[in-house]
Structure formats: C-alpha cells, structure tokens
Amino acid sequence: MKRVLSFALLFLFAGSVHLAASEENAKSIGKNAALLLTKTLMAELKTRTKKDKIEDVVNFCSDEAMKITQSLTEILPDGVSISRTSLKTRNKENNPTQKEMEILQTFQDEINRGESLKKSYLLENENNFYIYYKPLVIKKECLVCHGGSSDIKPVTAQKIDKLYPKDEAKGYKEGDLRGMIVVKMVDGVFKQ
Ligand code: HEC
C-alpha cells in the first residue's frame, strides 16, 4: 500500500513543489492530498466490497480508514498532515475543533442554499499554517454504512453499534454533507 501511495504522490506533487507562490502551492498540495485520500479509501472500499460481506467491510473501515489516513500523513512532504472530520462523527477521534465546526457549517450553508459542493474548498492561512478544507458529500455507495435504517442492513447496524456505541454518522441521504478532509501544511514546507 505504501509503495503505491508513494508513486501516486511523486506523480501528483512533481509539478507543485517548486512554485514560488506559497498560496498556490498550498492549494495544489491540499487539493492533491485530499484527492489521493479519497481515491485510496474509495479504491480499498470497492475492492473489499467485491470480496467481503458488507458487515466485514465495516471492520475494514474501522481498522484501516484511520491507518490509511495516518500512513498518508507519513509519506506526504514533512510538515503536511491530513485528517477527516464531521459535525456528526462515528469515530470520536475525528471530532472537529471549534474552527473546523465553523468551516463545516459554511459548507452546510452552501448545501442549504442548493449549491453543489463539487468544486468547493477553503484555504486558510493561520499562524504559519495553510489549511485546505475539502467537503465530502454522501454518495450512493456511502449509504450502506451512513444511510438510514432502510439502507443499512441490520447485521451491519449491529456491528457499527458494537464498534461505535456513540455513533452519530447515520441517517444521511445522497447529497448530504458528510464531513470534510483537512490538509494542514506548515508554511515553511514550500521553501524546502
Ligand atoms: C463499509 C462501511 C462504510 C462505508 C461504505 C463508508 N463509510 Fe465512512 N466510515 C465508516 C466507519 C466504520 C468510520 C469510522 C472509521 C474511522 O474513520 O475511524 C467512517 C468514518 C467516516 C468519516 C470520518 C468522520 C467520522 O464520522 O468518524 C467520514 C468523513 C466518512 N466516513 C465519509 C464517508 C463517505 C463520504 C463515504 C462514501 C463515499 C463513506 N464514508 C462510506 C464506514 C463506512
């Protein structure tokens, strides 16, 4: 897994590290890192769903989603880290900070106004950090684990309840805001 990710990174970041303008760089790194995380998780999810029963895939998400996210941070350039968060979390380790809650609320407002979040992102510059925020919207394939009681099989629901007794990440519909990816970059990372 790590090798595959490293290749993808080389490819994605090859053009971006030498740009002069920090803000452009931050945008490019944030965008590519978020894309890489989404693609990696989706690819794993698809492979597992073909092979395993959905309730076993829940175990995969529980064991691996966090690890994949963290291992991505290890291979990203030094000073760049990535995480996922939401206003309604399943894994409490993903709980948002106050600032992240505000950003999530602005994405939620966009959805409430009927805007598509396809191209939405936010880039903030704070105390020597650039932070890139990319909203995650619920797609059909998310519903088996994040949908309502008619989407989630009882056996899957049981497994989720057992692993996450305080789960709030159910009851979503297609198009709902599920959360966001956060890519944090130390400003100096662009001057290496
Ligand atoms: C097979 C079940 C499964 C599917 C399908 C699934 N998820 Fe999850 N999701 C989980 C589990 C389990 C967690 C908690 C694991 C973790 O991140 O530690 C989680 C966590 C998350 C989180 C992190 C915030 C939190 O609640 O802890 C986000 C964001 C997320 N999922 C988005 C999605 C999106 C978007 C899709 C569809 C593209 C999706 N998920 C599909 C099971 C699933």
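Asn128 counts as exposed because it has 10 C-beta neighbours inside 10 Å, and the cut-off for that label is 12 or fewer. This residue belongs to a predicted model, in which the protein has 6 helices and 4 strands. Read along the sequence, these elements follow the pattern α-α-α-β-α-β-β-α-α-β.

**The loop between S2 and S3**

- Asn128 is found in the loop between S2 and S3, and Asn127 has its place in that loop too, where strand S2 covers residues 122-126 and strand S3 covers residues 129-137.
- Asn127 also counts as exposed, because it has 5 C-beta neighbours inside 10 Å.
- Although Asn127 is not a glycine, it has a positive phi of about 35 degrees, and Asn128, which is not a glycine either, has a positive phi of about 70 degrees.
- Along the chain, Asn127 and Asp187 are 60 residues apart, yet their C-alpha atoms are separated by 8.7 Å.

**Helix H3 with helix H2**

- Helix H2, which covers residues 22-51, and H3 have axes that come within 10 Å and cross at roughly 155 degrees.
- Because angles over 145 degrees count as roughly antiparallel, H2 is described as roughly antiparallel to H3.
- The crossing in which H2 passes H3 is right-handed.
- On the H2 side, the residues that make this contact include Leu36, Leu37, Thr40 and Leu41, while the residues on the H3 side include Ile54, Val57, Phe60 and Glu64.
- Sorted by class, the contact of H2 with H3 has 10 nonpolar, 3 polar and 3 charged residues.

**Helix H3 with helix H6**

- The axes of H3 and helix H6, the latter covering residues 154-163, come within 8 Å and cross at roughly 25 degrees.
- Because angles under 35 degrees count as roughly parallel, H3 is described as roughly parallel to H6.
- The crossing of H3 and H6 is right-handed.
- From H3, the residues Ile54, Glu55, Val58 and Ser62 meet Val155, Thr156, Lys159, Ile160 and Leu163 from H6.
- By class, this contact of H3 with H6 has 5 nonpolar, 2 polar and 2 charged residues.

**The shell around the ligand**

- There are 24 residues around the ligand, and those that come nearest are Cys61, Asn91, Cys142, Cys145 and Gly179.
- At least two residues of this shell are supplied by each of helix H3 (54-75), helix H5 (143-146) and strand S4 (177-186).
- The element that gives the most to the shell around the ligand is H3, with 6 residues.
- When the residues of the shell are divided by class, 12 are nonpolar, 7 are polar and 5 are charged.

**The protein as a whole**

- Of the 192 residues in the protein, 21% are buried.

How values were computed
Residues numbered from 1 in each chain as written. Predicted model: local features only at pLDDT ≥ 70, side-chain atom pairs only at ≥ 80, totals over all residues. Buried ≥ 20, exposed ≤ 12 C-beta atoms within 10 Å, placed from the backbone. Near = placed C-beta within 6 Å. Nonpolar A, V, L, I, M, F, W, Y, C, P; charged D, E, K, R; others polar. Axes fitted to C-alpha atoms, helices over the stretch in contact; angles between N-to-C directions. Parallel < 35°, antiparallel > 145°, perpendicular 65-115°, else oblique. Left-handed = near helix turned anticlockwise from the far one by under 90°. Contact = placed C-beta atoms within 7 Å.
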